[in-house]
Amino acid sequence: MPGICAPGVVFCHNDSPFAMTAIATGANVSAMSSVPQAIRLTGKRSRIVRERLIESLLMLAALVSVFTTLAIVYILISESVVFFRQVPLWDFLTDTQWTPLFDDAHFGIMVLLSGTLTSSLVALGIAIPLGTVIAIYLSEFAPFGVRELAKPFLELLGGVPTIVYGYFALLFVTPLLQILIPGLPGFNLLAAGIVMGIMIIPYVASISEDAMRAVPMSMREGSYAMGATRFQTAVRVVVPAAFSGIASAYILGISRAVGETMILAVAAGMQPNLTFNPLDPAATVPASIGQVALGDLPHGSIGYQTIFAAGLTLMLFTLSCNIAGHMLRRKFREAY
């Protein structure tokens with residue numbers, strides 16, 4: 001027969017296990033209530049302090065990139081102001097010669113921009129079509145085993161040092177092109193641009209493939225239900241839906257091509273010629289910066305200041321490309 005506990009009595013005669021559990025639980029609650037209120041408040045305050053400290057560290061880590069960018073911009077602008085006090089901006093933009101190391105110095109940035117644009121167009125003509133085709137295949141057609149094998153090799157291709165690509169362009173691609181194009185000089189923008197495009201393919205393909213795989217499967221299934229083939233679905237459904245991500249891959253490829261140095265320094269000839277012919281040797285903005293920076297020029301001389309003016313020009317060009325890419329992403333971005 002179940003026993004009855006009197007009010008205020010801790011122990012009572014009861015053989016039921018439920019009653020014993022209730023008595024034990026009541027004892028635990030009494031023990032917890034005996035913890036001083038000050039100790040609980042101290043633990044709460046210490047937890048809040050730790051969380052605020054972690055948030056501050058994370059914010060500081062996020063602001064590192066912002067501070068670095070601002071520091072780079074400050075250095076380029078402050079040093080370029082010194083350069084443009086001695087060289088008129090109009091001459092810098094319109095002069096057709098670039099000879100900062102000569103006694104009769106000329107500072108026409110158009111000479112370097114022509115080589116940069118020509119080599120970048122050749123590289124993008126290789127990287128964008130091939131990278132997009134590879135991304136479509138890996139995302140829509142490749143079996144799982146092929147995708148898992150090809151993706152690491154593709155990303156490994158992007159980790160090869162650029163100096164290795166430069167010697168590959170000079171010693172392998174250029175002799176091959178000389179067989180196909182007789183009279184091609186040993187240093188030219190074509191070979192450098194082709195190899196630079198091969199180097200950029202992993203960036204375009206990997207990011208584009210990630211953007212395509214992010215497209216919901218329901219859109220593919222709807223296309224298949226309407227009678228479309230896999231190729232029609234990939235080209236007319238998946239690619240337009242992932243265009244914002246693909247555009248980001250293209251912008252990254254453009255920035256990578258414009259800023260490349262070692263391939264062009266080794267294979268393009270480093271000759272500052274105002275030309276848009278990829279068969280000619282030429283110099284580019286990054287390669288010229290590297291050449292001047294390695295020279296025996298005193299700090300503060302006009303020749304030394306050219307690296308900051310050229311760097312500022314290159315940064316503005318890259319910034320304009322990034323702004324255009326951001327506008328494209330905002331205009332064509334799809335939310336699923």
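Helix H7 meets helix H10 through Met196, Met199, Ile200, Tyr203, Val204, Ile207, Ser208, Ala211 and Met212. On the H10 side, the partners are Gly245, Ile246, Ala249, Tyr250, Leu252, Gly253, Arg256 and Ala257. Contact means heavy atoms within 4.5 Å. By class, the residues of this contact divide into 13 nonpolar, three polar and one charged. Here Ala, Val, Leu, Ile, Met, Phe, Trp, Tyr, Cys and Pro count as nonpolar, Asp, Glu, Lys and Arg as charged, and the others, Gly among them, as polar. The model is predicted; local features need pLDDT of at least 70, side-chain atom pairs count only at pLDDT 80 or more, and totals for chains, interfaces and linings use all residues. Residues are numbered from 1 along each chain as its sequence is written, and side-chain values use heavy atoms, with hydrogens and water left out.

H7 spans residues 189-213 and H10 spans residues 243-258. Their axes come within 8 Å and cross at roughly 160°. Axes are lines fitted to C-alpha atoms, for helices over the stretch in contact, and angles run from 0 to 180 degrees between N-to-C directions. H7 and H10 are therefore roughly antiparallel to each other. Angles under 35 degrees count as roughly parallel, over 145 as roughly antiparallel, 65 to 115 as roughly perpendicular and the rest as oblique. The crossing of H7 past H10 is right-handed. A crossing is right-handed if the near helix is turned clockwise from the far one by less than a right angle, and left-handed if anticlockwise.

H7 also packs against H6, at an angle of about 130° and with the axes 9 Å apart. That makes H6 oblique to H7. This crossing, too, is right-handed. H6 contributes Thr162, Tyr165, Phe168, Ala169, Val173, Thr174 and Leu177. H7 contributes Leu190, Ala191, Ala192, Ile194, Val195 and Met199. The contact of H6 with H7 has eleven nonpolar, two polar and no charged residues.

Thr162 is found in H6, which covers residues 162-180. At 18% relative accessibility, Thr162 counts as buried. Buried means under 20% relative accessible area, exposed over 50%, and partly exposed in between (1.4 Å probe, protein chains only). Leaving aside residues up to four places away in sequence, Thr162 touches Met199, Arg256, Glu260, Met262 and Ile263.

Helix H9 (residues 230-241) has Thr233, Ala234, Val237, Val238, Val239 and Ala241 as its buried residues. Their cover includes helix H4 (109-141), H7, helix H8 (217-225) and H10.

Met270 lies in the loop between helix H11 (262-267) and helix H12 (285-293). Its phi is positive, about 55°, although Met270 is not a glycine. Most residues other than glycine have a negative phi. At 17% relative accessibility, Met270 counts as buried.

The protein chain as a whole has 13 helices and zero strands. Helices (H or I, at least four residues) and strands (E, at least two) are DSSP runs, numbered from the N terminus. Of the 336 residues, 35% count as buried. Among contacts between residues at least 6 apart in sequence, 69% join residues at least 24 apart. The accessible surface comes to about 19700 Å², of which 70% belongs to carbon and sulfur atoms. Accessible areas come from the Shrake-Rupley method with a 1.4 Å probe.
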